[in-house]
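Visitor: Hi, I'm new to this one. Could you walk me through it?
Guide: Happy to, let's bring it up.

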Amino acid sequence: MKAVLYLSRATQAFEKEQLQEIEEKSATNNAKLGLSGYLYFDGVHFLQYMEGEEKLVDPLLEIIRDDPRHAFLCETEEKINEKRFPEWSM
């Protein structure tokens, strides 16, 4: 298993409805894939932690990196033996 934590900067303004849509879509997709973690947005920066099977985390992370709505600032990853947040879909 793998855990990834990243910090990014929004490249556009977000309305409350857009953030709710991101949260709902991410939670649904993550639950289907068996991924867990959390997403925080302070109005400028996103902080996301995700964990799960590496073969599922890596392709999703590529999609997230390519999303033009934000720009990656830093990222770290590590191998884990078990999930830290198994009940958190997002």
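**A first look around**

Visitor: How much of the protein is buried?
Guide: Buried residues make up 31% of the 90 residues, where buried means under 20% relative accessible area, exposed over 50% and partly exposed in between (1.4 Å probe, protein chains only). Keep in mind that this is a predicted model, in which local features need pLDDT of at least 70, side-chain atom pairs count only at pLDDT 80 or more, and totals for chains, interfaces and linings use all residues. Residues are numbered from 1 along each chain as its sequence is written, and side-chain values use heavy atoms, with hydrogens and water left out.

Visitor: Which elements does the protein have, and how do they run?
Guide: There are two helices and four strands, running β-α-β-β-α-β from the N terminus on. Helices (H or I, at least four residues) and strands (E, at least two) are DSSP runs, numbered from the N terminus.

Visitor: And what box do the C-alpha atoms fill?
Guide: Roughly 35 × 25 × 20 Å, taken along the principal axes.

Visitor: Okay, strands. Is β3 mostly covered or mostly open?
Guide: Mostly covered: six of the eight residues in strand β3 (residues 45-52) are buried.

Visitor: What does β3 pair with?
Guide: Strand β1 (residues 2-10) pairs with β3 in the antiparallel sense over eight bridges. Strand β2 (residues 36-41) also pairs with β3 in the antiparallel sense, over six bridges. Two strands count as paired if DSSP finds at least two bridges between them.

Visitor: What about the hairpin of β2 and β3?
Guide: Three residues lie between the strands there, and G43 takes a positive phi near 100 degrees.

Visitor: Switching to helices: where is L61, and is it buried or exposed?
Guide: L61 is in helix α2 (residues 54-65). L61 has a relative accessible area of 1%, so it is buried.

Visitor: What does L61 touch?
Guide: Leaving out residues up to four places away in sequence, L61 touches V4, Y6, M50, F72 and E75. A contact means heavy atoms within 4.5 Å.

Visitor: How far is L61 from Y6?
Guide: The two are 55 residues apart in sequence and 9.8 Å apart in space, C-alpha to C-alpha.

Visitor: And how many contacts in the protein join residues at least 24 apart?
Guide: Among contacts between residues at least 6 apart in sequence, 77% do.
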